[in-house]
Amino acid sequence: MKENILIAEDEPKLAALLGDYLKASGFDFFIIAEGTGVESWVRENKPGLILLDIMLPGKDGMEICKAIRAFSRVPIIMVTARIEEIDRLLGLELGADDYICKPFSPREVVARVKAVLRRTRDGQAIQAQGLVLDEKTYRATFHGRNLELTAVEFKLLQLLVEHPGRIFSRQQIMNKIYQEERFVSDRTVDSHIKKLRRKIELIDPQSTLIQSVYSVGYKFEPDL
Ligand code: CA
């Protein structure tokens, strides 16, 4: 059965474009262009995932997200027009599963939708670009060959792969990966990335899976 994606977006061209890309990737979609009707539509139609714009006429996306979380665990990707808002949104603990910033490429959105659906379904290994990551066993393979990752390398790779296209700064990586370790520096992150790349390149010397974004951080390039 096709997964139905709700696009809550008041820019008609953008909503239609997203719909086209989702459809081409095998999803059904439905567009709602204002905030007040979203919650009741979700109750009635139980979509597989919601792309929720924050600035919607009628009711804003943050309120809608909180309201939906009171009755549903449906995956929600919040869409914001301001990248600096993402940290603030994370602090509010709205219960959203991911955040994406405008302007974005529709392909990136589709990659995120797939990634969120994958990780919100229990027990499924993460697969992308020849990589298979099994969270339960911490085992990672690339084109069928074992990557032999340490726990930290596994978590680092998982973080990047689960958010294809998203750039993580070294600070964000440190906050997410090394919570229990006290002495971590930018160089620790760089050194783990280096080891991770070396292991990937042992299997595919041409691999560009993990990309450096100059003076910003790192990202995983989605399969497009
Ligand atoms: Ca909007």
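Between domain 1 and domain 2 there is 1 salt bridge, a term that denotes a side-chain nitrogen of Lys or Arg within 4 Å of a carboxyl oxygen of Asp or Glu. Side chains of opposite charge can pair when their charged atoms come close. The structure is a predicted model, in which local features need pLDDT of at least 70 and side-chain atom pairs count only at pLDDT 80 or more, while totals for chains, interfaces and linings use all residues. Residues are numbered from 1 along each chain as its sequence is written, and side-chain values use heavy atoms, with hydrogens and water left out.

The two domains span residues 4-120 (domain 1) and 126-220 (domain 2), with bounds that come from an automatic or database domain assignment. Their centres, taken over C-alpha atoms, are separated by 26 Å. In the region where the domains meet, 9 residues of domain 1 are in contact with 9 residues of domain 2; contact here means heavy atoms within 4.5 Å.

The size of an interface is often given as the accessible area lost when the parts come together. Between domain 1 and domain 2, the buried area is about 770 Å², and carbon and sulfur atoms give 47% of it. Such an area is the accessible area (1.4 Å probe) that two parts lose on being put together, summed over both. Of the area that domain 1 buries against domain 2, R112, R118 and R119 supply 53%, more than any other three residues.

Polar contacts also occur between the domains: 2 residue pairs, both residues at pLDDT 80 or more, are counted. A polar contact is a pair of N or O atoms within 3.5 Å; within protein, one must be able to donate a hydrogen and the other to accept it, and residues adjacent in sequence count only if both atoms are side-chain atoms. On the side of domain 1 that touches domain 2, strand 5 (98-101) and helix 5 (106-120) each supply at least two residues. Helices (H or I, at least four residues) and strands (E, at least two) are DSSP runs, numbered from the N terminus. Helix 5 gives the most to this side, with 6 residues.

In one of them, K102 pairs with E11, and the closest N and O atoms are 2.9 Å apart. This pair links distant parts of the chain, since K102 lies in the loop between strand 5 and helix 5 and E11 in the loop between strand 1 (4-8) and helix 1 (12-24), 91 residues apart. K102 counts as buried because its relative accessibility is 15%, whereas E11, at 39%, counts as partly exposed. Buried means under 20% relative accessible area, exposed over 50%, and partly exposed in between (1.4 Å probe, protein chains only).

K102 also meets D53 in a salt bridge (3.4 Å, N to O). D53 belongs to strand 3 (residues 49-53) and K102 to the loop between strand 5 and helix 5, so this pair ties together parts that are 49 residues apart in sequence. Both K102 and D53 are buried.

A further salt bridge joins R170 and D190, whose closest N and O atoms are 2.7 Å apart. R170 is in helix 7 (residues 170-177) and D190 in helix 8 (residues 186-203), 20 residues apart. R170 counts as partly exposed because its relative accessibility is 22%, and D190 likewise counts as partly exposed, at 25%. Finally, salt bridges that share partners join E9, E11, D53 and K102 into one network.
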